[in-house]
Amino acid sequence: MIKPTELPDTIAIFPLAGALLLPRSRLPLHIFEPRYLQMIEDALKTDARLIGMVQPNAIPGREGSGLHTIGCAGRITQFSETEDGRYMITLGGVSRFRVVKEVEGFSPYRKCDVSWDGFERDLGDEEGDDGFHRKPFLDLLGRYFETRGLSADWSTLKEADDELLINSLSMMLDLDPEDKQALLEAPSLETRRETLVTLIEYAMRGGQDEGMMQ
């Protein structure tokens, strides 16, 4: 486990819309663009092996992509190279961070000065959710999966710890990037679960702001 004193002030940034990484979660990535291949190679040379995942934030009237203020850093925990030079990696979520400023330089990928203040809880043990009522949540999830034609390993979902269940669904469900950002910024697991329920109910209503489904 990385200690707070080992977190660097500047990290490489991988802006990827719709890709959500959360602390203590795992995100597999397929890397093929030359600039991001270089980013992985450079990260592997450092002790921390950190990559900052950030949702792009398009700014009207400005070319290129801005960045959301809050992202999550992941440590490269698995790495393999394909015969044609692509990388298959897995990031283990370490901690969220706040972007302070983008760093100008000669690297082909983006770097940012970041602050870890306010996210100390991310470096701790697994988080619980005392207000979580699993059966109604899984019933709602079952109806959502049915409307989307999705399947699930329900025995695994029923047995998963609160954090693993909520964070895995937050990362895997097909939600808009802004919704993913809201899940990332949730201050606690309970708030993330409440946000996830709201997003699922909204999706099941077809995006209509009507009363909650029962």
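Residues are numbered from 1 along each chain as its sequence is written, and side-chain values use heavy atoms, with hydrogens and water left out. Because the model is predicted, local features need pLDDT of at least 70 and side-chain atom pairs count only at pLDDT 80 or more, whereas totals for chains, interfaces and linings use all residues.

Helices (H or I, at least four residues) and strands (E, at least two) are DSSP runs, numbered from the N terminus, and two strands are taken to pair if DSSP finds at least two bridges between them. Strand β3 (residues 50-54) runs antiparallel to strand β6 (residues 70-81), to which four bridges join it, and within this pairing M53 has C72 of β6 as its bridge partner. Strand β6 in turn pairs with β7 in the antiparallel sense over eleven bridges, and here the partner of C72 is R96 of β7. The hairpin of β6 and β7 has five residues between the strands, and in it G85 takes a positive phi near 90 degrees.

R96, which has its place in strand β7, counts as buried because its relative accessibility is 7%, where buried means under 20% relative accessible area, exposed over 50%, and partly exposed in between (1.4 Å probe, protein chains only). The side chain of R96 reaches the backbone oxygen of A186 at 2.9 Å. Contacts, defined as heavy atoms within 4.5 Å, link R96 to residues including P23, I70, W116, F119, D122, L184, E185 and R192, when residues up to four places away in sequence are not counted.

Salt bridges were assigned where a side-chain nitrogen of Lys or Arg lies within 4 Å of a carboxyl oxygen of Asp or Glu, and by this rule the count comes to eight. In one of them the side chains of R24 and E163 meet at 2.7 Å, N to O; since R24 lies in the loop between β1 and β2 (26-31) and E163 in helix α4 (residues 162-172), the pair ties together parts that are 139 residues apart in sequence. R24 counts as partly exposed at 32% relative accessibility, whereas E163 is buried at 5%. Another salt bridge joins D129 and R193 (2.8 Å, N to O), and because D129 lies in the loop between β8 and α2 (134-148) and R193 in helix α6 (residues 189-204), this pair ties together parts that are 64 residues apart in sequence. D129 is buried with a relative accessible area of 5%, and R193 is likewise buried at 11% relative accessibility. R134 forms a salt bridge with D162, with the closest N and O atoms 2.8 Å apart; as R134 lies in helix α2 and D162 in helix α4, the pair ties together parts that are 28 residues apart in sequence. D162 is partly exposed, its relative accessible area being 21%.

Helices α2 and α6 pack at an angle of about 35 degrees, with their axes 10 Å apart, where axes are lines fitted to C-alpha atoms, for helices over the stretch in contact, and angles run from 0 to 180 degrees between N-to-C directions. The residues that make the contact include F137, L140, L141 and Y144 of α2, and L196, V197 and I200 of α6.

In helix α4 the buried residues are E163, L165, I166, N167, L169, S170 and M171, and what covers them includes β2, α2, α3 (154-159), α5 (177-185) and α6. I166, placed in α4, is buried with a relative accessible area of 0%. Although I166 and R193 are 27 residues apart in sequence, their C-alpha atoms are 6.1 Å apart in space. With residues up to four places away in sequence not counted, I166 touches F132, F137, L189, R192, R193 and L196.

Key: A polar contact is a pair of N or O atoms within 3.5 Å; within protein, one must be able to donate a hydrogen and the other to accept it, and residues adjacent in sequence count only if both atoms are side-chain atoms.
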